[in-house]
Amino acid sequence: MGVKGNAIVAQSGGMTAAINATLAGVYETAAGSADIGKVFGALHGIEGIINNNLVEMNLTADEVERLKTTPGGYLGSCRYKLPDPVSGKDVYDKILNTLKDNDIRYFFYIGGNDSMDTANKVSTYLREHGHEILAVGLPKTIDNDLPITDHTPGFGSAAKYIATTCSEIYLDVKSFDIPYVTIVEIMGRNAGWLTAAAALVRERYDSPDLIYLPEVPFDLEQFFVDLAKVREHKPAAIVVISEGIMTKEGQYFAELAGDLTSDNFGHKNLGGSASLLASHVKERLGCKVRAIEFSLLQRCAGHLVSATDINESFAIGKAGVSAALSGKSGIMMTYQCEREPVYKMTIGHCALSDVANIERKIPREWINKEGNFPTKECNDYIRPLIQGEIHPVTKNGVPDYLYLEK
Ligand code: F6P
């Protein structure tokens, strides 16, 4: 017989189009378990637990289905950095009280590497303070930068959006036979996985021309050399850059336009690299230039999700609850994949402490020697993750997503 008690689930960090699929998986398995009584959702991640701001989740089967393709954080998110347990004891005690008062024995935290740090700290503190809970981290991030897991829930849908939209941009740009430089900026912070998804377009069209990733230092003069080579044989060039491209001195390119603000974890709020690069191109080449920053669109496109991603994200949520029900704790669920002869995913787990605050980047050998395009190995890795379509339920011509007033 397993531990009896209530469960809590929370979402944290940057959103993805699949984060609610994991929530749906957690809810479905938790609500169906004889060991778990109520399923609480914490509003705005750990902040909801600190402030005892919870909702009891009671979803119908139809709502669970709609939740799977709903983007944004159904329960709300936060970027709250937990203090050190000694100096911030009062914060941890509030968490302890919320969990004790609501008889919570199961804790599920859906997030990226910062969130795994939060889950790890909470689970350790509670264990040391006599309130045994079973704590399981569920990965998510469009950045795909968590170690150990083959990929992260949410990455495949964002990558599908990138590959699709970059194809569509190419067809538009190609309609004009004029000197033209289009610069597309993609999220991913210090890892280029999502930007690299633009290379999949090359399997169908002669685009993009250049792709710059944070893994290789960005040199403005070399960029103009690369661009000149492209423009020798075509007037319109498409360049894709990561928001996190950096100079060889280790400074974000976006920062050259002025200071960037930071979030609570000390991460710089990126964005603006494409506009800055476009202004350099306009000044030097004087041709038509357009900067396109995908920004939030790439992580909230519920109308263009990868079925593989949504189904896997749902499955990992369910597997996380099953793991806790079997007594496992202090772990993050992971994907373990084979790509040959056919793509196959199984779910495993690792210690939370092995992933907290660690960033995984693209191996250098998956980027060409010029540092301006990913290799075929990178495409082979990403391609299976963007397969399949699931369409959200629509009403009056637009998606009818599930929304919780917070
Ligand atoms: O961590 C996920 C992510 O989407 C990054 O790709 C991006 O740099 C960051 O979040 C943006 O965060 P926010 O939406 O808080 O500005």
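Reader: How do β1 and strand β2 pair, and over how many bridges?
Author: In this predicted model, β1 and strand β2, which covers residues 36-42, pair in the parallel sense over four bridges. Within that pairing, Ile-8 stands opposite Phe-40 in β2.

Reader: And which helix makes a β-α-β unit with β1 and β2?
Author: That is helix α1, residues 19-31, and the unit that β1, α1 and β2 make is right-handed.

Reader: What about β1 and strand β4, how many bridges there?
Author: β1 and β4, the latter spanning residues 104-111, pair over six bridges, again in the parallel sense, and here Gln-11 stands opposite Ile-110 in β4.

Reader: Why is β1 largely enclosed?
Author: Seven of the seven residues of β1, residues 5-11, are buried, so the strand is largely enclosed by the rest of the structure.

Reader: Switching to the cores: how many residues has the largest nonpolar one, and which have the most contacts inside it?
Author: The largest nonpolar core has 42 residues, and those with the most contacts inside it are Phe-155, Ile-162, Leu-194, Phe-294 and Ile-382. Two or more residues each come from α6 (155-173), β6 (180-186), α7 (193-196), β8 (236-242) and α11 (376-382), with α6 giving the largest share, ten residues.

Reader: What is Ile-382 in contact with, leaving aside its neighbours within four places in sequence?
Author: With those neighbours left aside, Ile-382 is in contact with Phe-155, Ala-159, Trp-193, Ala-196, Ala-197 and Leu-200.

Reader: And which residues does the second core include?
Author: That core is separate and has 34 residues, including Leu-23, Leu-138, Met-333 and Leu-402.

Technical notes. Residues are numbered from 1 along each chain as its sequence is written. This is a predicted model: local features need pLDDT of at least 70, side-chain atom pairs count only at pLDDT 80 or more; totals for chains, interfaces and linings use all residues. Side-chain values use heavy atoms; hydrogens and water are left out. A nonpolar core is a set of buried Ala, Val, Leu, Ile, Met, Phe, Trp, Tyr and Cys residues joined through side-chain atoms within 4.5 Å. Buried means under 20% relative accessible area, exposed over 50%, partly exposed in between (1.4 Å probe, protein chains only). Contact means heavy atoms within 4.5 Å. Two strands pair if DSSP finds at least two bridges between them. A crossover is right-handed if, with the strands pointing away from the viewer, the path from the first strand over the helix to the second runs clockwise.
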